[in-house]
Amino acid sequence: MRPDILNPLFAETETLEGVGPKLKKPLDKLGLTRVRDIAYHLPERFVTRRAIDNIDDGGEGEQIVVKLTIGEHRSSRNPRAPYRVLAQDAAGNVVALTYFGRASYTAKKQLPEGETRWVAGKLERFGDMLQIVHPDHVVEEGGETLQRLCEPVYRLSEGLTQPRVAGLVEQALARAPELPEWIEGTQRDKADWPAWRDALVLAHKGEHGAARDRLAYDELLANSLALMLVRADNRKRKGQPLRGDGSYRGKLDLPFPLTGAQTRSIAEIEGDMAQEAPMLRLLQGDVGAGKTVVALEAMLIAVEAGAQAALLAPTEILARQHYESLRRMAEPTGARVALLTGRDKGRAREATLMGLLDGSIDIVVGTHAIFQDKVAYRNLAMVVIDEQHRFGVGQRLMLASKGKRAPHVLAMTATPIPRTLTLAQYGELDVSKLDELPPGRQAIDTVVMGQEKLAALVDRLAAQMAEGRQAYWVCPMVREMDGPEDIAAAEARYAALKERFGDDVVMVHGQMPGEAKDTAMERFARGDAQLLVATTVIEVGVDVPNATLMVIEQAERFGLAQLHQLRGRVGRGLQKSFCVLLHGEALSETALERLKLMRQTQDGFLLAEEDLRLRGGGELLGTRQSGDTPFTIATLDQITELLPKAYDDARLLMDRDGGLEGRRGEAARVLLYLFERDFGVKTLRGG
């Protein structure tokens with residue numbers, strides 16, 4: 001149960017003065033639903049303004065405060081055109097106050113003709129005219145109050161203003177209690193960090209690096225401690241020791257001998273599964289490193305020991321692909337493999353459910369459907385989770401309820417993750433790494449070219465298809481914030497290519513119905529279609545050996561790890577394969593450097609480290625294009641610098657300071673609830 005001391009912070013935002021249904025919407029859009037969220041809504045930056053009397057004294061791009069007399073309002077019939085208010089300074093110089101969209105209503109209210117106003121904002125030039133676009137502040141008097149040394153600038157959504165957010169932050173901070181200290185004393189003294197509440201207040205007032213570092217450290221410590229508690233709890237649980245006799249694995253007929261990395265990983269997994277404490281292991285494998293074979297060997301150990309195994313995939317497409325490849329590989333062994341997804345209905349579903357209950361099915365592959373309440377197992381003792389980054393710690397804990405005892409868990413990811421983020425995301429798992437490619441995997445030639453060479457590229461594609469080869473054409477991913485515009489880009493490309501190649505082209509994107517997606521994928525996998533136009537839904541798992549060309553449009557919009565994943569969809573057969581990175585006209589230096597790196601190396605682990613260095617969290621965990629770490633406060637620089645210290649501090653708390661017992665342990669409980677890592681507390685209660 002959440003400690004009472006935190007209740008003021010976890011009150012809904014409606015309890016703050018001035019927050020009603022109208023203001024709640026834009027706050028919810030930013031994820032600010034409670035007082036705590038507003039207190040932790042830290043400024044993106046700070047501005048320092050200079051007061052001037054004469055516009056000519058201001059530099060372009062400078063933040064200024066100036067007293068102006070309001071003149072003519074100019075609007076246009078075109079709703080997209082700016083709304084301009086002309087105003088004069090004391091010397092008669094004219095400046096335009098420019099507004100776009102609905103903000104023009106604000107201008108009409110705040111800027112009556114003939115009145116004087118103090119205006120604060122950034123001075124810019126548009127053609128021959130100086131302007132201030134969307135002034136930060138417009139006040140009737142007391143312009144000197146705008147000359148703050150450091151004014152915070154917060155992230156906004158439509159319907160919010162900087163002053164409104166600043167006012168809500170002030171209310172939230174006033175409710176913040178003094179909390180007990182959870183950081184180890186020596187660490188806090190060494191870093192010279194303020195107490196928690198002081199740090200929160202200082203972080204909103206100016207660029208206090210120590211205050212922000214302290215808040216980031218709190219988040220990293222909460223995460224590290226929660227994962228350690230999960231791990232400690234897991235070691236106390238009783239699982240089933242599973243020792244295979246090789247009777248099934250000995251019958252496997254694999255096309256290639258196992259690599260050293262695969263052999264090593266299988267030995268590590270076998271050692272874990274022989275223990276009574278249930279295994280919690282992450283299998284990190286580069287694209288094409290052979291994770292599925294390792295997973296099959298692990299599942300067959302369970303089958304040899306008289307138990308059942310399950311493989312959980314994040315999407316139906318991946319579940320079906322895994323089912324086909326596992327069924328094919330397991331056929332000589334006699335192990336019975338079944339598929340179960342949410343779409344399975346009627347007799348087929350009933351037969352699968354009965355087979356799981358009576359034990360006649362050894363291995364089941366599926367989506368979340370395999371863990372629904374109605375699905376019962378005779379003896380589920382081993383679970384493989386594919387594309388682990390799609391599932392959180394809570395889901396990893398949920399699996400324990402399906403076996404008679406807690407099952408062994410092998411989590412897999414095809415996204416190489418930098419060492420720092422492995423610790424952050426998977427601190428409670430042991431890690432095995434597949435860093436060798438099986439023999440027969442060819443290097444993929446990577447070409448970087450501008451959009452102007454599109455016609456030549458389509459001709460090259462036609463030549464590949466004429467030889468009977470298949471190809472992928474990937475358009476930028478569909479993101480919720482963009483609405484359907486990005487799909488339209490994929491659809492426009494699909495329409496253009498279909499005009500050239502007819503029914504040889506199919507399309508897949510994330511907002512299509514599941515059956516339509518599967519039908520298109522199946523046509524492509526069977527070879528009935530030669531070109532698949534897609535968004536990044538094909539990023540992982542799709543295995544078509546005859547596909548030899550991957551085109552990625554607007555490649556600069558993707559992170560290195562994701563580009564590497566997409567490139568890994570080709571080069572799976574005996575033919576030479578190519579990846580073309582098509583980029584737009586305006587490329588930043590960072591984007592150019594990233595595309596060059598793609599051309600230079602095919603080492604996914606190296607690319608992941610470089611992605612962290614070049615562009616931050618971005619696509620590292622493979623699910624989105626930006627900001628995808630488990631943290632909301634800590635930046636990537638702070639994660640890199642502070643996470644190892646926080647991890648050591650959490651270890652000290654567990655090993656020396658008695659875990660969550662004692663004075664510091666009580667404070668640590670408050671910390672876990674503050675950052676909603678209380679699953680760590682719940683494991684101690686057997687929940």
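So, a helix here is a DSSP run of H or I with at least four residues, a strand is an E run of at least two, and both are numbered from the N terminus.

Quick housekeeping. This is a predicted model, where local features need pLDDT of at least 70 and side-chain atom pairs count only at pLDDT 80 or more, while totals for chains, interfaces and linings use all residues. Residues are numbered from 1 along each chain as its sequence is written, and side-chain values use heavy atoms, with hydrogens and water left out.

Okay, pockets. Rolling a probe the size of a water molecule over the atoms shows where empty space is left. On a 1 Å grid over the protein atoms alone, a pocket is an open set of points where a 1.4 Å probe fits, with protein on both sides within 12 Å along at least five of seven lines, and a lining residue has an atom within 4 Å of a point. The points are joined across faces, edges and corners, and the volume is the space filled by probe spheres set on them.

How much space lies in the largest pocket? About 1,500 Å³. It's lined by 48 residues, and the closest to its centre are Thr292, Ser325, Arg328, Asp543 and Arg572. Helix 9 (291–304), helix 10 (316–330) and helix 16 (514–526) each supply at least two lining residues, and helix 10 gives the most, with 10. By class, that lining has 23 nonpolar, 11 polar and 14 charged residues. For the classes, Ala, Val, Leu, Ile, Met, Phe, Trp, Tyr, Cys and Pro are nonpolar, Asp, Glu, Lys and Arg are charged, and the others, Gly among them, are polar.

The second largest pocket holds about 1,200 Å³. Its lining has 27 residues, with Ala103, Thr106, Gly159, Leu160 and Thr161 nearest the centre. Which helix gives the most to this lining? That's helix 3, with 5 residues.

Now the sheet. Two strands pair if DSSP finds at least two bridges between them. Here 7 strands form an open sheet, in the order 12-13-11-14-15-10-16, with parallel pairing. Strand 12 (337–340) and strand 16 (430–434) are the edges, each pairing on one side only. Zooming in, strand 10 (280–285) and strand 15 (408–413) share 5 parallel bridges, and glutamine 284 has threonine 413 of strand 15 as its bridge partner.

Over to another pair: strand 6 (116–126) and strand 7 are antiparallel, with 4 bridges. Strand 7 (129–133) also runs parallel to strand 5 (94–99), joined by 3 bridges. In the hairpin of strand 6 and strand 7, there are 2 residues between the strands, and glycine 127 takes a positive phi near 65°.

Last stop, two helices. Helix 7 (209–236) and helix 21 (662–674) pack at about 100°, with axes 9 Å apart. Axes are lines fitted to C-alpha atoms, for helices over the stretch in contact, and angles run from 0 to 180 degrees between N-to-C directions. Angles of 65 to 115 degrees count as roughly perpendicular, so helix 7 and helix 21 are roughly perpendicular to each other. Contact means heavy atoms within 4.5 Å. On the helix 7 side we've got Asp218, Leu221, Ala222, Leu225, Ala226 and Leu229, meeting Ala668, Leu671 and Leu672 in helix 21. That contact divides into 8 nonpolar, no polar and 1 charged.

That's my tour, thanks!

Conventions:
Parallel < 35°, antiparallel > 145°, perpendicular 65-115°, else oblique.
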